[in-house]
Amino acid sequence: MIKHIVMWNIRGDTAVEKAHGIARLQHSFASLRGKIPGLLYLEIGVDSSRIDYACDVVLYSEFESQAALDAYGSHPEHLRVKNELGDLRIARHQVDYSNPH
């Protein structure tokens, strides 16, 4: 199994603008459930710490294999989500790892 974690900071000059962007991101990624072969689990979390170095949103997902994660990158539904969200993010961080346990 491959775990795929992505964290973003979301564009927005006000708390309301940022909250709207976060809601868009949540809705778009949630729409991928059941549509991506090999995507076993998908969770979207919103930061509650408000620490200045924290990211706004995290996507935690699990894929059955590295090949499934690789295919996800070019899957039409994933590309649709990337297009929907456009320049919503101002920073992005990613970690992919395999957990043998």
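1. Ser 61 is buried, with a relative accessible area of 1%, where buried means under 20% relative accessible area, exposed over 50% and partly exposed in between, for a 1.4 Å probe and protein chains only. Ser 61 is found in strand E3, which covers residues 57-63. Leaving aside its neighbours within four places in sequence, Ser 61 is in contact with Ile 2, Lys 3, His 4, Leu 39, Tyr 41 and Leu 42; contact here means heavy atoms within 4.5 Å.

2. A word on the basis of these values: this is a predicted model, in which local features need pLDDT of at least 70 and side-chain atom pairs count only at pLDDT 80 or more, while totals for chains, interfaces and linings use all residues. Residues are numbered from 1 along each chain as its sequence is written, and side-chain values use heavy atoms, with hydrogens and water left out.

3. The chain holds three helices and four strands, and from the N terminus on they run β-α-β-β-α-α-β. Helices (H or I, at least four residues) and strands (E, at least two) are DSSP runs, numbered from the N terminus.

4. As to overall dimensions, the C-alpha trace spans about 40 × 30 × 20 Å along its principal axes. With 101 residues, a compact globule would have a radius of gyration near 13 Å, and the 14 Å of the chain agrees with this; the radius is taken over C-alpha atoms, and the globule rule is 2.2 Å times the number of residues to the power 0.38. Buried residues make up 35% of the 101 residues, and among contacts between residues at least 6 apart in sequence, 70% join residues at least 24 apart.

5. The largest nonpolar core has 21 residues, and those with the most contacts inside it are Trp 8, Leu 25, Phe 29, Leu 59 and Tyr 72. Such a core is a set of buried Ala, Val, Leu, Ile, Met, Phe, Trp, Tyr and Cys residues joined through side-chain atoms within 4.5 Å. Strand E1 gives the most to this core, with four residues.

6. Leu 25, one of those core residues, lies in helix H1, residues 15-30, and is buried, with a relative accessible area of 4%. Not counting residues up to four places away in sequence, Leu 25 touches Trp 8, Ile 10, Ile 44, Val 57, Leu 85 and Leu 88. The C-alpha atoms of Leu 25 and Ile 44, which are 19 residues apart along the chain, are separated by 8.8 Å.

7. The largest pocket holds about 350 Å³ of space, and of the 21 residues that line it, the closest to its centre are Trp 8, His 78, Lys 82, Arg 89 and Arg 92. A pocket is an open set of points on a 1 Å grid over the protein atoms alone, with protein on both sides within 12 Å along at least five of seven lines, and lining residues have an atom within 4 Å of a point; a volume is the space filled by probe spheres set on the points. Helix H2 gives the most to this lining of the largest pocket, with five residues.

8. The second largest pocket has a volume of about 210 Å³, and its lining includes Ala 15, Lys 18, Ala 19 and Ile 22. The largest share of that lining, four residues, comes from H1.

Terms used. 1 Å grid on protein atoms, 1.4 Å probe; cavity = no way out; pocket = protein on both sides within 12 Å on 5 of 7 lines; lining within 4 Å.
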